[in-house]
Amino acid sequence: CNSVFAPLGARLGGAGLVATAQRFGFNQPTGIPGALESTIPSAADIGSSLSVASSAIGQGEVQASTLEMADVGATIADGGRRPIPTFVYGAKPRFVSVTTRRVAAEVQAMMVAVVEYGTGTSAQISGVKVAGKTGTAELANTAGKTNASKETDGWFVGYAPVGHAKVVACALYPASGYGAATA
């Protein structure tokens with residue numbers, strides 16, 4: 001959740017955050033014609049620790065596509081190896097090492113908790129262990145507003161079954177409210 005990952009991002013620092021995001025595919029062409037590139041500013045452009053914390057939770061100037069976030073989910077599901085997306089049927093899978101199996105397992109445990117008893121309980125499937133993460137992207141400053149649903153995008157990224165993922169999905173509902181309620 002934001003209250004965990006914002007301070008972790010600040011502790012990691014701008015350079016570390018940007019380097020990690022780039023290993024996950026940010027600031028790189030997708031290799032898919034017409035697919036948008038996900039971006040994160042340079043550490044110098046992000047600036048202060050508060051801005052780094054905001055960027056660590058996908059706010060500020062960070063731009064992420066559904067393809068990117070599905071790829072992030074697939075990376076965690078595969079123990080830290082990021083699959084390189086392709087539309088070529090029968091192509092041999094290619095991977096890039098992004099993080100350690102230990103770190104991927106820790107993130108996976110948190111994603112399972114999100115679905116089991118957190119903000120993503122709507123993603124539960126009877127008899128299947130699901131990992132996921134809800135998200136809300138603000139399109140404008142929503143501080144003090146009672147109904148900000150038209151000014152937020154709702155996200156969900158998930159995969160199943162945990163341990164042998166066969167499906168990874170990312171849902172984005174533009175200008176539709178909070179991820180936990182909408183996506």
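This is a predicted model: local features need pLDDT of at least 70, side-chain atom pairs count only at pLDDT 80 or more; totals for chains, interfaces and linings use all residues.
Visitor: Where is Ala175 found?
Guide: Ala175 sits in the loop between strand E5 and helix H7, the latter covering residues 179-182.

Visitor: What about the phi of Ala175?
Guide: The phi of Ala175 is positive, at about 50°, although Ala175 is not a glycine. Asn27 is another residue other than glycine with a positive phi, near 60°.

Visitor: And where is Asn27 placed?
Guide: Asn27 belongs to the loop between helix H2 (14-23) and helix H3 (43-46). Asn27 counts as partly exposed, because its relative accessibility is 28%.

Visitor: Staying with H2, which of its residues are buried?
Guide: The buried residues of H2 are Gly14, Leu17, Val18 and Ala21. They lie on the same side of H2, because the arc they cover around the axis is only 95°.

Visitor: What covers the buried residues of H2?
Guide: The cover includes helix H1, which spans residues 2-12, together with H3 and H4.

Visitor: Let us turn to H4. Is Ser55, in that helix, buried or exposed?
Guide: Ser55 lies in helix H4, which runs over residues 49-56. Ser55 is buried, because its relative accessible area is 8% and buried means under 20%.

Visitor: Which residues does Ser55 touch?
Guide: Not counting residues up to four places away in sequence, Ser55 touches Leu17, Ile46 and Val62.

Visitor: And how far is Ser55 from Thr119?
Guide: The two residues are 64 residues apart along the chain, and their C-alpha atoms are separated by 21 Å.

Visitor: New topic: which residues make up the largest nonpolar core?
Guide: The largest nonpolar core has 10 residues, namely Phe24, Val72, Ile76, Val98, Ala104, Met111, Val112, Ala131, Tyr159 and Val162. Helix H5 (66-77) and helix H6 (101-117) are the elements that give two or more residues to this core. H6 gives the most, with 3 residues.

Visitor: What is Phe24 in contact with?
Guide: Leaving aside neighbours within four places in sequence, Phe24 is in contact with Glu68, Asp71, Val72, Thr75, Ile76, Arg82 and Val98. There is also a second, separate core of 8 residues, and Leu17, Ala21, Ile40 and Val62 are among them.

Visitor: Which residues line the second largest pocket?
Guide: The lining consists of Ile32, Leu67, Pro83, Ile84, Pro85, Thr86, Phe87, Ala91, Lys92, Pro93, Arg94 and Phe95. By class, this lining has 9 nonpolar, 1 polar and 2 charged residues.

Visitor: Lastly, which residues does a cis peptide bond join?
Guide: A cis peptide bond joins Ala160 and Pro161, with omega at about -15°. Pro161 is in the loop between strand E4 (152-160) and strand E5 (167-173).

How values were computed
Residues are numbered from 1 along each chain as its sequence is written. Side-chain values use heavy atoms; hydrogens and water are left out. Helices (H or I, at least four residues) and strands (E, at least two) are DSSP runs, numbered from the N terminus. Buried means under 20% relative accessible area, exposed over 50%, partly exposed in between (1.4 Å probe, protein chains only). Contact means heavy atoms within 4.5 Å. A nonpolar core is a set of buried Ala, Val, Leu, Ile, Met, Phe, Trp, Tyr and Cys residues joined through side-chain atoms within 4.5 Å. On a 1 Å grid over the protein atoms alone, a cavity is a set of points where a 1.4 Å probe fits but cannot get out, and a pocket is an open set with protein on both sides within 12 Å along at least five of seven lines; lining residues have an atom within 4 Å of a point. Ala, Val, Leu, Ile, Met, Phe, Trp, Tyr, Cys and Pro count as nonpolar, Asp, Glu, Lys and Arg as charged, and the others, Gly among them, as polar. The arc is that of the directions from the helix axis to the C-beta atoms.
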